[in-house]
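Please look over the structure below before reading my notes. They are meant for someone who has not seen it before.

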Amino acid sequence: MGPEGTAGDIDYDADYRPVFHDFYELIKHRVGRILLVSSLYDAFTLEEEGLLFEQISGEYRDLLLPFPPQVIRVSSASDGLEELRNERYDLIITMARISDMECQDFAARAKEIQDIPVVLLLTEMADIQYYHRPGAVMSIDKVFYWNGDSALYLAITKYIEDTMNIAHDTSTGLVRAILVIEDSPRYYSIFLPLIYTEIMQQTRALITEGLNEHEERLRIRSRPKIILAETYEEAMEMYKRYRHQIMGVISDVKYKRNGIMDGEAGFRFAEEIDDEIPILLQSSNVDCASMAADRGITFIDKNSESILQELRDFFTDSLGFGEFVFTRPDGTELARASDLREFIEIVESIPIDSLKFHGSAHHFSNWLKARGEIDLARRLRDVKVTDFELGEEIREFLLDSINESRRVKQLGVITDFNKQNFEFDQTFTRLGGGSLGGKGRGIAFLSMLLNQSMITSQFEGIEVKIPETIVIATDEFDRFILDNELHDFIKENRTDEELSERFLSSRISDDLRESLGRFLDHARWPIAVRSSSLLEDSQNQPFAGLYSTYILPNNCDDDGTRLEQLEQAIKLVYASAFYKRVKAYIRATGLIPEEEKMAVVIQRLIGNRHGDRFYPSYSGVAQSHNFYPVHPLRREEGVASLALGLGKIVVDGEKVLSVSPDHPNVIPGFYTPDDVFKNSQNHFYALNMSESCFDLGMGEDITLSKLPIPTAQEDGTLDDIASTFDANDGRLRDGVGTDGPKLITFAGILKYGKLPLIKVIKELLDIGQKGMGRAVEIELAGRHNDAGDPEFYVVQVRPLVTMRERSHLQIGEAEESDALVLSDRAMGNGIVSGITDVVYVRPETFDTTETMEIAREIGTVNEQLDGTPYLLIGPGRWGTRDRFLGVPVEWDQISWAKSIVEVQLEGFRIDPSHGTHFFHNITALGIPYFTIGFNKEGENVDWEWFDAQKAVGSYKHIRHIRSEVPLTVKVDGRSGRGIVTTEPTD
């Protein structure tokens, strides 16, 4: 961890790597094209009346390997050189007898054209002595002997790839190596195909343990590499270079040492390497068998008829390939494990004497290392059986180590549902094919970011997490629409109620229902069912808050009822993709509603239970860009909106606390005790756990309770976030220890640092912004775990469209003097011209109890205008769910508004809101948005001018006027200055 809570050594511009980045980097150099130089007769000998490419492809296909190389054959050296001048190749295989040139001369000239490996393939035993010279510097890189086995093609190709890639691939820590020491082309031409075949088959068995199909494919790249050495010195050099990556050695006994043939070179080499590295010696001299046995070294007779089986036994018994066979010390077999899950189940009950035996012999670490569990294997090898006093401690340590390794591997990874056992928290699971949708993709990206940044354990006193998440991908949505014949229905002009009713009466697939049942067997806690459409939380049109979200207690005793409630929530989320407000917004973006597809996010709801109430200690929304910076705040410093209870109160635009991460003691609107008393949160939302039966068709909030702040005091959740208003002297006293109304100020956190909440938010915004390459918004929540320790959860992340200035626009003093609307807190950048219609709420008749009716009147005018842009002006927060804070319009009620003005009135001075879904969508569409303070210098609305214009229609609360002179809206995105003026006339 870096100093003062920084992100340590993470450099997002240089060192940052996404999940599986290292796997992608493996085997960067591949053999894709092979130039074969041979006479027609040699080619016939190799093919044996078959097609060479088909033989090679068959070997690749049998081992499920991708990308078989293409083989181009030429008959002469001159043709080969000409081919090299015209085409790019990765490997040259030449025969000894080519018509117009010696093969060594051809190799040397070929390398002058393309510096690529050249392999000499011999078909005559007598040629080996002439052409093969171990340790000599030659233009030919390696000599092989054709023995009639087409697997040799595979071995040559993979050996060349290993030679080119081993230095890089082993440096990642993901790849092991097997050192083969053999100086006879005849024998290594036999052994290498056998070894590669065993390695490939082992890799095939291991990839099924990947967390998803993507990881399975990538793990093929991490197979062990083969290092081939022909002399003692070459082998020792390779050993010293790759000592920590070598998982085993297969060595001849007799080969050159110090330039002289040494009949015991293999034994000498075995004495020099680490005792923990398994070694297999092989020789045609059977007398070496007893010498190997005396040293406890595995030995194979090269002339043995069972050499293949003996080699496989070495891979299984010593290198850990294949099943793990649990035995007693006397060799009695007890059980077999073919994968890690079976291994864990057996370890839980296997006798202690078996655990001690295998642990002492490093069998566990060898087996795990062969399966790619490098870090886990290293941890086990570093611990001795004698370090434990009790046998059961060995079992506990082994199981804890494996489970912790498995848990960490799932962090930041998208796990396929059929690979998920739901053993660990913070997992992200994909159910079905297709897209994750915008929100699902954002959460998956967030999970990866948190894991890569190490922020999860960076801050003392609080753990940073993501909720356990499962995403039903879009293929299930397509299937739902198709199976229930809804395609034509969704195109019709249906009400939201009709859509909901039809979708609720439809059926989800049996496969999905079965999977949801399995999930609910594990999930015994409250859940949130959220939308994740293809368009939602996208880079330019976030669609925030337009779709439905349902929160379920998930506590019914009857499992069938719990499943039915989850199904209903999913169907209603599907239906919301075609609600009126959504279609209106989609059309405003220029997209087609029928092209929308919906994934569904099912998340563990963050919070604690207090009697019949379930809610988080705090929730909020944080943005890396502040749209309303008041001195000394700055736009780029960001802002966080925090509240007690569920985050609905924040995203709906109700009264909450807003704070800058850079200035936690500057809280807009909280300047005096009276300000705090008036502007602080006065209620909170919680999940009602007392009702296990409910009808979700009644609305998204049917499971929620709106509660007064004193209820939270009864639950003991205000200690760190509340202050007490002392009416006797009009002062605020931090904490809840005195009598008086409790106000949500977050004083314990902001003033006294009881939690590093602000530091966490600031770091998360920085990580998110760098990761996405633009401003971001995160939703967050906090709770206490069973031990009472605080936990911080990032619920989701989305790009924040800031309407960054694309060109510098200046507003002159003359324009300001004639402005109809003038503001220092305008958002957007650029010019909107040609507006003739204006819809505004009459200030003199505005009544907070009539805001619902005002919204309906505006919706009527919006529908009549149908494509005609207009300017919208009114008091308080537009789109708020709290009708006493502004006009609670839905998007379809203002969809043709091209500029919006938010005005403070005398007696109605509502501070601008941060983090609302409505506001997010306004900025995403690039709609200029003005905030006008009451009697604030430099800000005003020329009500007299608007009142003087002729009304188009007569309404109780609003006026719809049409100006004879078009209006122009200008916003300077750099300064936040904005005006509305009449366009000049000629």
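The points below go from the chain as a whole to its cavities.

1. The model is a predicted one, so please read every value here as computed from predicted coordinates. The chain has 986 residues, and 57% of them count as buried, that is, under 20% relative accessible area.

2. As for secondary structure, the chain holds 33 helices and 42 strands.

3. Contacts between residues at least 6 apart in sequence were also sorted by separation. Of these, 72% join residues that are at least 24 apart.

4. Rolling a probe the size of a water molecule over the atoms shows where empty space is left. How many cavities of 30 Å³ or more does a search of the whole structure find? The search finds seven, and the largest cavity contains about 170 Å³ of space.

5. Which residues lie nearest the centre of the largest cavity? They are Gly359, Phe364, Leu380, Val383 and Val385, out of a lining of 14 residues. Two or more lining residues come from each of α15 (352-360), α16 (363-370), α17 (374-381) and α18 (391-410). Of the elements, α18 gives the largest share, three residues.

6. By residue type, the lining of the largest cavity consists of eight nonpolar, four polar and two charged residues. Gly counts as polar in this division, which matters when reading Gly359, one of the residues nearest the centre.

How values were computed: Residues numbered from 1 in each chain as written. Predicted model: local features only at pLDDT ≥ 70, side-chain atom pairs only at ≥ 80, totals over all residues. Heavy atoms only, no water. 1 Å grid on protein atoms, 1.4 Å probe; cavity = no way out; pocket = protein on both sides within 12 Å on 5 of 7 lines; lining within 4 Å. Points joined across faces, edges and corners; volume = space filled by probe spheres on them. Helix = DSSP H or I, 4+ residues; strand = E, 2+ residues; numbered from the N terminus. Buried < 20%, exposed > 50% of the residue type's maximum accessible area, 1.4 Å probe, protein only. Contact = heavy atoms within 4.5 Å.
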